[in-house]
Amino acid sequence: MELKFVLEAILFSAQQPLSAKALRDLLVQAAEQSEEPQARAFKKTPIESITSALAELAREHDEAKRTYRLVCVAESWQFVSEPDYAPWIKALVGHKHRAGRLSQPALETLAIIAYRQPLTRSEIEQIRGVAVDGVMQTLIERGLVEQVGRAEVIGRPITYGTTSLFLEYFGLRSLEDLPAADELRRVSVKKPDSLLTVDPGLATAPPEQLKVEPAPDAEDAGMTVNTPSQEAPQSEAGEAPPSQ
């Protein structure tokens with residue numbers, strides 16, 4: 001009995017996607033619970049062999065041009081129906097509710113996080129040039145972005161990254177499947193001259209953009225202040241001339 005057919009039987013009966021690790025655990029569990037020598041033969045199957053068998057199985061299903069295929073999304077494997085047969089499947093199981101589409105600002109912010117993670121909110125704002133408070137809240141509530149740690153800088157701000165649901169939402173196996181990921185990660189991003197919607201005095205602004213407001217004009221405040229250019233001229237003896 002071949003490993004790929006054992007995996008096919010498991011995935012065909014599974015009610016949810018399964019990772020290579022989960023499949024290996026099932027092989028171990030079956031070997032321990034079954035008296036069948038065939039089940040025991042797969043007890044020590046390495047994950048690499050499972051991944052290779054799944055890739056071969058997916059290729060065979062794709063070449064067979066059946067109404068379904070084996071795919072890997074968010075590093076988990078499952079059988080899915082071909083999109084061409086969606087009208088009849090929807091008539092059978094009904095329409096599955098899905099959250100509304102993401103707005104353009106949300107997609108732009110999500111792309112920055114996906115390619116540059118982990119990122120702090122300040123870094124995201126510097127790249128986009130606008131505040132992202134509302135957009136970040138939406139992405140977090142949708143489960144597409146999550147807190148992944150803290151930056152090793154003063155204040156240790158929270159860093160953000162994408163979730164496994166992000167991979168499922170876009171049908172990606174892993175982050176390496178992002179379009180032109182290597183090229184885009186090497187692109188040098190020029191930060192904007194100033195944050196369009198952030199007060200320069202706030203902590204989210206880059207340090208070089210922080211400015212100290214000038215003190216109120218001394219004359220307006222009713223005070224007399226002598227500066228080096230305003231001091232009374234000195235006499236030859238070094239004394240100031242008498243006041244008139």
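## Cores, sheets and a buried threonine

Mentor: Welcome! The largest nonpolar core has 23 residues, and L110, M136, L139, V145 and F166 have the most contacts inside it. At least two residues each come from β2, α6, α8 and α9 (164-170), and α6 gives the most, with six residues. A second, separate core of 17 residues includes L3, L57, L70 and C72.

Mentor: This is a predicted model, in which local features need pLDDT of at least 70, side-chain atom pairs count only at pLDDT 80 or more, and totals for chains, interfaces and linings use all residues. Residues are numbered from 1 along each chain as its sequence is written, and side-chain values use heavy atoms, with hydrogens and water left out.

Trainee: What makes a set of residues a nonpolar core?

Mentor: The members are buried Ala, Val, Leu, Ile, Met, Phe, Trp, Tyr and Cys residues, joined through side-chain atoms within 4.5 Å.

Trainee: How do you know whether T162 is buried or exposed?

Mentor: Buried means under 20% relative accessible area, exposed over 50%, and partly exposed in between (1.4 Å probe, protein chains only). T162 has a relative accessible area of 12%, so T162 is buried. T162 is found in strand β6 (residues 158-162); helices (H or I, at least four residues) and strands (E, at least two) are DSSP runs, numbered from the N terminus.

Trainee: Which residues is T162 in contact with, leaving aside its neighbours within four places in sequence?

Mentor: Contact means heavy atoms within 4.5 Å. On that basis the partners of T162, beyond those neighbours, are L110, I113, A114, Q117, L144, V145, E146 and L175.

Trainee: What makes β4 and β5 edge strands?

Mentor: Two strands pair if DSSP finds at least two bridges between them. Strand β4 (residues 119-120) is joined to β6 by two bridges, and strand β5 (residues 145-150) is joined to β6 by five. The open sheet of three strands has the order β4-β6-β5, with antiparallel pairing. β4 and β5 each have a single partner strand, so one side of each is left without a neighbour in the sheet. α6 packs on this sheet, touching β4, β5 and β6, and its direction makes about 95° with that of β6.

Trainee: Why are α6 and α8 called roughly perpendicular?

Mentor: Axes are lines fitted to C-alpha atoms, for helices over the stretch in contact, and angles run from 0 to 180 degrees between N-to-C directions. Angles under 35 degrees count as roughly parallel, over 145 as roughly antiparallel, 65 to 115 as roughly perpendicular and the rest as oblique. Helix α6 (residues 104-116) and helix α8 (residues 133-141) pack at about 75°, with axes 10 Å apart, and are therefore roughly perpendicular to each other. P105, A106, T109, L110 and I113 of α6 make the contact with V135, M136 and L139 of α8.

Trainee: How do the residues of that contact of α6 with α8 divide?

Mentor: Seven are nonpolar, one is polar and none is charged. Here Ala, Val, Leu, Ile, Met, Phe, Trp, Tyr, Cys and Pro count as nonpolar, Asp, Glu, Lys and Arg as charged, and the others, Gly among them, as polar.
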